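Thanks for asking me to look this one over.

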Amino acid sequence: MSRYDWIIRNGRVLDPANDVDGAFDVGIAGGRVAAVEERIDPSLGSKVFDASGKLVTPGLIDLHAHTYNHVTPLGIDADYYCLGRGVTTAVDTGSAGSDTFPGFRVYSVEASRTRVLAFLNISRAGLSFSAAAGVEGGGELESLKIVNVDPCVDTIESNRDILVGVKIRLSESLADDGRNEPEAFRRAKEAAAAVGLPLMVHYSFTTVPHEDCPGSLAAGDIFTHCFHGYPGSIVDPETRRPAELIRVARDRGVRFDIGHGGGSFSWTVAEICVGEGFWPDTISTDIHTLTCNGPGYDMPTVMTKLLRVGMPLEEVIKGSTVDAARAIGWEDRIGTLGVGREADVAVLALEDVDVELEDCHVQMRRVRQRLVADAVWRAGEPGEITRPDPWPNPELPETLRAWRSHMVVKDA
């Protein structure tokens, strides 16, 4: 009788949560990690996967995604774009508010093999009628009548199995030309404090200054879109270094998240920050309908970009697994290959390539190595791998060019 349902053999196991980095085999049984050993006899496994020359990591955690598929304008299929790319846990960031959360549980969480968790939007409507920030058309903060603390708190308290925090998008185009931003921000902080969970703040094209955000964020709160080059960039346009207020916030415990998206990753800003030792705490895609075919593509592509700007591989994996789990207080459940934990496992290949890869601002860098998902298990069951095609997308640079004029930190 087989001892293991699966044995993943001959890979380099990288599990930062347990300080594991080396040649090990991983045994899976009953949906859980049953063994991580230098060698497991392959005859003990019902099925064997050869991971020679590849990385074996905890299932990736995308801390910033939009998975309310077919309901919100930005929602994507979590199983195709997340699980299919090695992401076993996708954290939706504000697609649902208190009024739209019941549908989110049914149509996103329960409909997906991917584990879907969520930050609840402080707006009762969530993103049910909102598109990308920074464009005309209004958004979820247009009226303070639907920005309510009590319904947000009550919904989180009743759904702590899924909800891990509060989300607000600070962008003047979503908030009656910025007029509602300060009060909406205050209410979001109040709700997060009431439930004792982190507040994630989208920060771009906003009237709220850094003195308030991240200046007034609490330890454990998350400042997402941290590497954009627009006004409000964390890099001072004059000194071309991370602003002092940003360093102070990090020292106080505020977390900085990539949230790549369609407009929030600049090669220039990333290179400056990583060069100064200011690495992101967590790596995430902000994947949605306007980014899944580029410039973000998927989690392995965003991780590839961080490798390109100089983050060590071990830190990139850490920011995509255990550090993301810690950010939402789930480190005792996900983000590790610890024996006895649910068997969420990704096998990643580091492929040699030679391509020009865009950021969100039509700035190009030559990339010579690319991370891709080669296999994935969610709770011990294999998932179907997908890949972006084409990659890179040759049609993207022209569609992104209009945003370049807004940049204050960019290539010379």
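**Notes on the model**

1. The largest pocket holds about 510 Å³ of space. Its lining has 32 residues, and the closest to its centre are Ala132, Gly262, Gly263, His288 and Leu290. Please keep in mind as you read on that this is a predicted model.

2. Which elements supply at least two residues each to the lining of the largest pocket? They are β9 (163–170) and α10 (396–400). The largest share comes from α10, with 3 residues. Sorted by class, the lining of the largest pocket is made up of 16 polar, 13 nonpolar and 3 charged residues.

3. Searching the whole structure for cavities of 30 Å³ or more turns up 2.

4. The largest share, 4 residues, belongs to β14. In this lining 6 residues are nonpolar, 4 are charged and 2 are polar.

5. Around the second largest cavity you will find Pro58, Gly59, Thr88, Arg333, Ile334, Gly335, Thr336, Glu342 and Asp344. By class, that lining counts 4 polar, 3 charged and 2 nonpolar residues.

6. Now for the helix pair. Two packed helices are described by the angle between their axes and the distance between the axes. Here, the axes of α3 (residues 149–158) and α4 (residues 181–195) come within 9 Å and cross at roughly 30 degrees. Why does α3 count as roughly parallel to α4? Angles under 35 degrees are classed that way, so the crossing at roughly 30 degrees makes α3 roughly parallel to α4. The crossing of α3 past α4 is right-handed.

7. Which residues make the contact between α3 and α4? From α3 come Val149, Cys152, Val153, Ile156 and Glu157, and they meet Arg187, Glu190, Ala191, Ala194 and Val195 of α4. By class, this contact has 7 nonpolar and 3 charged residues, with no polar ones.

Key:
Residues numbered from 1 in each chain as written. Predicted model: local features only at pLDDT ≥ 70, side-chain atom pairs only at ≥ 80, totals over all residues. Heavy atoms only, no water. 1 Å grid on protein atoms, 1.4 Å probe; cavity = no way out; pocket = protein on both sides within 12 Å on 5 of 7 lines; lining within 4 Å. Points joined across faces, edges and corners; volume = space filled by probe spheres on them. Nonpolar A, V, L, I, M, F, W, Y, C, P; charged D, E, K, R; others polar. Axes fitted to C-alpha atoms, helices over the stretch in contact; angles between N-to-C directions. Parallel < 35°, antiparallel > 145°, perpendicular 65-115°, else oblique. Left-handed = near helix turned anticlockwise from the far one by under 90°. Contact = heavy atoms within 4.5 Å.
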